[in-house]
Amino acid sequence: MTLTQMQVQTSLDLSTDQDLVVVRGLKKYFPVRRGLLQRVVAWVKAVDGVSFTIRRGETMGLVGESGCGKTTVGRTILRLIEPTAGEVYFEGRNIFALTKPELKTLRRDMQIIFQDPYSSLDPRMPVGASIAEGLAVHGIGTPKERFEMVVDLLRKVGLEDYHARRYPHEFSGGQRQRIVIARALALRPKFIVCDEPISALDVSIQAQIINLLKELQEEFKLTYLFIAHNLSVIEHVSDRVAVMYLGKIVELTSREELYRNPLHPYTQALLSAVPIPDPTLRRERILLKGDVPSPLNPPSGCRFHPRCPVATRYCAQEEPPFVNIGTRGQEHWVACWRVM
Amino acid sequence: MINYLIRRLFQMMVVILLSSMAIYAIMNLAPGGPLSGINLGADRKSRLSPEEIRRIEEFLGLHRPLHWRYIVWLLGEDWLDEVGLKSLQRTSCREIPTECTRGVIRFDFGDSWRLAAGQKVIDLIWFRLPNTLLLMTSATLLSLLVAIPIGIYSAVRQYSLLDYAATTFAFFGTAMPVFWFGLMMIFIFSGPRSPWHQVLGLPYLPTGNNYSLRPPQPGSLLYVLGATPGSPLDRAVHLILPTIVLSLLYMAGWSRYTRSSMLEVLRQDYVRTARAKGLVERVVIMKHALRNALIPIVTILTLEIPGIFSGAVLTETIFNYKGMGRLYYDALQADDWPVVMALLFITALLVVFANLLADILYTIVDPRIRLE
C-alpha cells in the first residue's frame with residue numbers, strides 16, 4: 001500500500017447504519033489568555049483531529065493518561081462545549097449544525113455520567129426532583145406520572161422509593177453514582193457518555209456500578225462511550241477500544257485484538273503497566289521516559305516520539321496517518337510509522 | 001438543634017459579658033473624660049473648687065471607684081442602699097428613688113450627660129433609630145438590586161468588557177473614601193450654586209438633614225415636586241444622596257461576592273448536568289447556579305444586620321443625617337459616655353445575635369448543614 005492510498009482511507013468513509021455516532025476530524029482548542037487585555041497568546045490543543053465511530057449497542061472504550069483529552073472528547077460529542085473544528089453525526093445528523101430547539105430535542109437521546117458523583121447533583125435539590133427535572137423540561141408525563149417514573153428508575157438502579165425525597169449529601173458515593181445513572185436514564189437515551197464513572201468510587205463499589213451499567217445496557221439497548229484511565233476496567237466493559245495520547249487517537253480496534261496484539265508502542269507500554277493478579281508471574285515492563293508533553297506545544301511529527309522506545313529520526317519530522325491495517329472483519333487502526 | 005441552641009445561648013452570654021467589659025474599659029480607661037478640661041481657660045473667679053468638682057462627680061456618678069462604676073453600669077444603682085452603699089449612688093438617686101438607673105442588664109443605659117443632658121439615653125436611641133433603619137435598608141436594598149445582577153453577569157461572561165467595567169467600578173467603590181465621595185456629591189448636586197443646577201439647569205438636591213426646615217426654594221427638586229417640609233416625600237428626597245453614596249460602597253462588595261460565588265458554582269458538574277438535561281441557559285443559571293451561589297451571600301447579608309441598626313457614621317455625619325451613626329459621632333465628640341457605651345453595647349448584642357441567625361439560616365438554605 002502506498003502512502004496516498006493509506007491517506008485516502010483515513011477519511012473514515014466507513015459509516016453505515018450500524019453507526020450511532022460518527023466523529024470526524026474533531027478538534028477542540030482552548031485559548032490561553034495573558035496580560036492586561038487578555039489577548040490569546042497560545043492554544044491548548046486538548047483534542048486535535050480525532051475520528052472514530054461508535055456502533056449501535058456497543059461500548060466504546062476511550063483510554064489514555066490524565067490530560068490527554070478524553071473528557072473533552074466526551075463533552076464535545078454531546079455539545080456541552082462547542083468544538084473548534086470537525087463534525088459529529090448522531091444518527092446521521094450533524095449535531096454541531098443543529099439549532100437550539102433541535103439540540104434540546106436531541107438531548108433526550110444523549111446523556112452523560114460524570115466522574116465525581118459528589119459534584120454532579122445539585123446539593124439543594126432532593127434527588128427525586130433532580131431526576132424528574134429532565135422529564136419536566138421535555139414535557140414528559142404529569143407530575144404524578146413523573147414521580148412514578150422516578151420511583152421506577154430508583155428501583156432499577158438498586159435504590160428505594162423513599163430515597164427520592166432525600167438530598168444528595170445523605171448518600172454515599174456509590175449510591176450517588178446510582179442516582180446519577182438513574183438521572184441519565186430518565187429520558188430513555190440511546191447514547192450515554194460515561195466520563196470515568198467509577199474513578200471516584202471505592203474499589204469495592206466499582207464492580208457494582210460496572211455491572212449495573214452493563215445490565216442497563218442490555219435492558220435499554222444503550223450505547224456507551226466509556227471513558228477511563230484504568231485498562232483493566234476498559235478490558236472488562238468495552239467492545240472496542242480507542243487509545244488517546246495528547247489529543248489524538250493512536251490506536252483503535254476491538255478489545256480482543258488490542259489486548260492480544262497491541263501495535264502502537266504507547267499502547268504496548270500502557271498494557272505492560274497493568275498489574276497481573278499473580279505474584280509468581282514476571283513480565284517485562286516497558287518504562288516510558290519523561291512526562292507527557294504539554295498540549296500547548298506538542299512535539300513535531302509523531303507526538304509520542306520523544307518518549308517512544310522505537311522512534312526513528314523520521315518520526316520527529318512527519319506525523320503518522322491514522323490508518324486501518326487490519327484484515328477484513330477485523331479492523332485495526334493505528335497511527336505509527338514503525339508499524340506500517 | 002435544641003441542645004445546640006442552649007449551648008450557643010450560653011456562649012453568647014459569655015461573649016456579651018466580655019464585650020461589655022471591653023466597652024467599659026475603653027471608655028473609662030482612656031485619658032480625658034467629661035471633667036478633664038473643666039477648668040481650662042477659666043480665670044480665678046470662675047474656676048471650680050475641688051468641692052464643686054466633687055459635687056459634679058457625685059451628680060454624674062463619677063465619684064465611684066472604677067470597678068464599681070462598671071458594676072453599677074451593668075446592674076444599676078437602685079439596690080445599692082439596701083447593701084449599705086448609699087454613698088455610691090448619684091445625688092439624684094439618693095434623693096428621688098425613681099431617678100436611680102437600673103443598669104444595662106435591665107435595658108437602662110442611664111441619662112445623657114451632654115447631647116441631651118438629663119434625657120434618657122434609650123429615648124435618644126428610639127428617636128434616632130427609624131431614621132437609620134430607613135437609610136440603611138434603602139441603601140442595602142438598592143445595592144443588592146444592582147449588585148447581584150452585575151455579579152451574575154460578570155461570572156457568566158467572565159473577562160467580558162462588562163465584567164472588566166464592573167470590576168473597575170467595584171475597586172473604585174471600595175477604594176474611594178465616603179467622606180470625600182459624599183462631599184463631591186454634595187458639591188455637584190446640592191444647593192443652588194451646584195454645577196448640576198448652574199450649568200445643566202436641573203433641580204438641585206438638599207445638602208443634608210432628614211427633612212426641610214423651611215418651605216422649598218424655587219429651583220430645588222423639593223420645589224419642583226411640591227414637597228411640604230416634613231412630609232414623606234420631603235424625607236425621601238433628603239434620602240437620595242446618602243443612599244446613593246452608601247449603596248455605591250456596598251454594591252462594590254456585593255457584586256464581587258456574587259461574582260466569585262457564582263464562578264465557584266458554575267464550575268460544578270451539576271451545572272453541566274443541568275445543561276445535558278436540555279434546560280435552557282437561563283434556567284441553568286437561575287435555578288441551579290444562582291440558588292447555590294446565594295448560600296454564602298445569605299450569610300454575609302445576615303452579618304450586615306448590626307450595621308443596619310448602628311448606621312453609617314461617616315455618611316450620616318457628612319449629610320448631617322440624624323441617625324444612629326451621627327449620634328455616635330456626636331456623643332464621642334461631646335464625651336457623652338452613657339450614649340457611646342449604650343450604642344457600642346447594642347451593636348455588640350446585635351453582632352452576637354446576627355451570628356446566631358446566620359448559622360440558623362445556613363441550615364435552612366443549605367440542606368447539607370446541620371447544627372449539632
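In chain B, the axes of helix 1 (residues 2-29) and helix 16 (residues 337-365) come within 10 Å of each other and cross at roughly 155°. Because angles over 145 degrees count as roughly antiparallel, helix 1 of chain B is roughly antiparallel to helix 16 of chain B. The model is predicted.

**Helix 1 and helix 16 of chain B**

- The crossing of helix 1 of chain B and helix 16 of chain B is right-handed.
- From helix 1 of chain B, the residues in the contact are R8(B), M12(B), V15(B), I16(B), S19(B), S20(B), I23(B), Y24(B) and M27(B).
- Helix 16 of chain B meets them with W337(B), V340(B), M341(B), L344(B), F345(B), A348(B), L349(B), V352(B) and L356(B).
- Sorted by class, the contact of helix 1 of chain B with helix 16 of chain B has 15 nonpolar, 2 polar and 1 charged residues.

**Helix 5 and helix 15 of chain B**

- Helix 5 (residues 121-156) and helix 15 (residues 324-333) of chain B pack at an angle of about 135°, and their axes are 8 Å apart.
- At that angle, helix 5 of chain B is oblique to helix 15 of chain B.
- Helix 5 of chain B contributes L124(B), R128(B), L129(B) and T132(B) to the contact, while helix 15 of chain B contributes M324(B), G325(B) and L327(B).
- By class, the contact of helix 5 of chain B with helix 15 of chain B has 4 nonpolar, 2 polar and 1 charged residues.

**Contact between chain A and chain B**

- The contact takes 22 residues from chain A and 16 residues from chain B.
- On the side of chain A that touches chain B, helix 3 (100-107), strand 6 (110-113) and helix 4 (127-137) of chain A each supply at least two residues.
- Helix 4 of chain A gives the largest share of that side, 3 residues.
- The residues of the side of chain A that touches chain B comprise 8 nonpolar, 7 polar and 7 charged.

**Chain A overall**

- Chain A has 10 helices and 12 strands.
- Its radius of gyration is 21 Å, close to the 20 Å that the globule rule gives for 340 residues, so chain A is as compact as a globular protein of that length.
- Along the principal axes, the C-alpha atoms of chain A fill a box of roughly 65 × 55 × 50 Å.
- Of the 340 residues of chain A, 41% count as buried.
- Among contacts in chain A between residues at least 6 apart in sequence, 64% join residues at least 24 apart.

How values were computed
Residues numbered from 1 in each chain as written. Chains lettered and ligands numbered in written order. Predicted model: local features only at pLDDT ≥ 70, side-chain atom pairs only at ≥ 80, totals over all residues. Axes fitted to C-alpha atoms, helices over the stretch in contact; angles between N-to-C directions. Helix = DSSP H or I, 4+ residues; strand = E, 2+ residues; numbered from the N terminus. Parallel < 35°, antiparallel > 145°, perpendicular 65-115°, else oblique. Left-handed = near helix turned anticlockwise from the far one by under 90°. Contact = placed C-beta atoms within 7 Å. Nonpolar A, V, L, I, M, F, W, Y, C, P; charged D, E, K, R; others polar. Rg over C-alpha atoms; globule rule 2.2 N^0.38 Å. Buried ≥ 20, exposed ≤ 12 C-beta atoms within 10 Å, placed from the backbone.
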